Amino acid sequence: MSEEQNKPADATVEPTEAANTAAANGADAGQTGTGSPEDRVAKLEAEVASLKDQLLRAMAETENTRRRAQRDREDATKFAVSSFAKELVSVADNLRRALDAVPAEGREQDDMLKGLAVGVEATERQLFAAFDRAGIKKLDPAGEPFDPNFHQVMFEIENTGKAAGTVVQVLQPGYTIHGRLLREAMVGVAKGGDAGGQHLDTKA
């Protein structure tokens with residue numbers, strides 16, 4: 001008798017690995033598709049909302065970066081000349097000292113001295129006109145309250161009849177550039193005790 005005749009009639013064939021993989025994939029696909037349409041719509045809406053939030057955040061960050069860069073450019077334009085401006089304010093100090101050194105009587109009696117003073121005054125006016133165009137302002141705080149942000153106290157004066165902390169003498173004017181301090185004004189202030197008994201902290 002041959003082997004085929006001896007083989008049982010009810011023998012089964014083992015499934016191959018490829019068949020097992022296909023079955024598993026089919027099962028997964030069936031499970032994925034079991035969600036209701038409402039669930040799938042809710043999931044998509046959540047994904048859209050998340051992506052929209054990420055987009056808005058990215059746009060806001062981009063706008064903030066653009067604004068910071070614009071401010072940096074403006075500051076660089078405004079304050080790039082600060083070091084040069086500090087040198088020029090010293091020139092303005094010297095021009096004023098030269099004018100203060102010329103006595104009024106000398107102008108009237110000496111035409112050469114008068115012409116020299118007039119020339120120095122014209123130079124000073126031109127310099128301050130250039131300061132104005134560059135956003136540089138002079139601080140001459142006589143009679144104003146002491147401000148530690150813009151003034152430096154050199155000494156205190158008693159019995160001035162002024163409120164404590166009032167600037168009563170300006171030794172050297174200060175300057176700002178576009179509102180930012182360029183050089184402090186050196187001042188003398190009224191001492192506390194003669195007007196309200198207040199005390200000024202000169203270390204501020």
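This is a predicted model: local features need pLDDT of at least 70, side-chain atom pairs count only at pLDDT 80 or more; totals for chains, interfaces and linings use all residues.
## A walk from helices to strands

The backbone nitrogen of N149 sits 2.9 Å from a polar atom in the side chain of D147.

Let us step back for the overall layout. The protein contains six helices and six strands, and along the sequence they follow the pattern α-α-α-α-α-α-β-β-β-β-β-β. Of the 204 residues in the protein, 20% are buried.

Now look at which of its side chains are covered: S82, A85, V89, A92, D93, L95 and L99 are buried. These residues lie on the same side of helix 4, because they cover an arc of only 165 degrees around the axis. The spacing makes sense when you recall that an α-helix has 3.6 residues a turn, so positions three or four places apart point the same way. On the face turned away from the buried side, helix 4 carries the exposed residues S83, F84 and E87.

Together with L55 and M59, L56 forms a nonpolar patch on the surface, and the three share about 310 Å² of accessible area.

Next comes the loop between strand 2 (151-157) and strand 3 (167-172), where E158 has its place. E158 counts as exposed because its relative accessibility is 51%, and the cut-off for that class is over 50%. Its side chain makes a polar contact, at 3.3 Å, with the side chain of K191. E158 also lies 8.8 Å from V189, C-alpha to C-alpha, although the two are 31 residues apart in sequence.

N159 is in this loop between strand 2 and strand 3 too, and at 68% relative accessibility N159 is exposed. Its backbone deserves a look: N159 has a positive phi of about 55 degrees, yet it is not a glycine. As background, most residues other than glycine have a negative phi.

Another residue of the loop between strand 2 and strand 3 is T166. Is T166 buried or exposed? T166 counts as buried, because its relative accessibility is 12%, and the class takes values under 20%. A polar atom of the T166 side chain lies 2.8 Å from the backbone oxygen of A163.

Our last stop is the loop between strand 4 (174-177) and strand 5 (180-183), which holds H178. What is the phi of H178? The angle is near 55 degrees, a positive value in a residue other than glycine. With a relative accessible area of 39%, H178 is partly exposed.

Technical notes. Residues are numbered from 1 along each chain as its sequence is written. Side-chain values use heavy atoms; hydrogens and water are left out. Patches are made of residues with over 30% relative accessible area and no salt bridge: like charges are joined within 9 Å, nonpolar side chains (Val, Leu, Ile, Met, Phe, Trp, Tyr) within 5 Å. Accessible areas come from the Shrake-Rupley method with a 1.4 Å probe; for residues, only the protein chains shown count as cover. A salt bridge is a side-chain nitrogen of Lys or Arg within 4 Å of a carboxyl oxygen of Asp or Glu. Helices (H or I, at least four residues) and strands (E, at least two) are DSSP runs, numbered from the N terminus. Buried means under 20% relative accessible area, exposed over 50%, partly exposed in between (1.4 Å probe, protein chains only). A polar contact is a pair of N or O atoms within 3.5 Å; within protein, one must be able to donate a hydrogen and the other to accept it, and residues adjacent in sequence count only if both atoms are side-chain atoms. The arc is that of the directions from the helix axis to the C-beta atoms.
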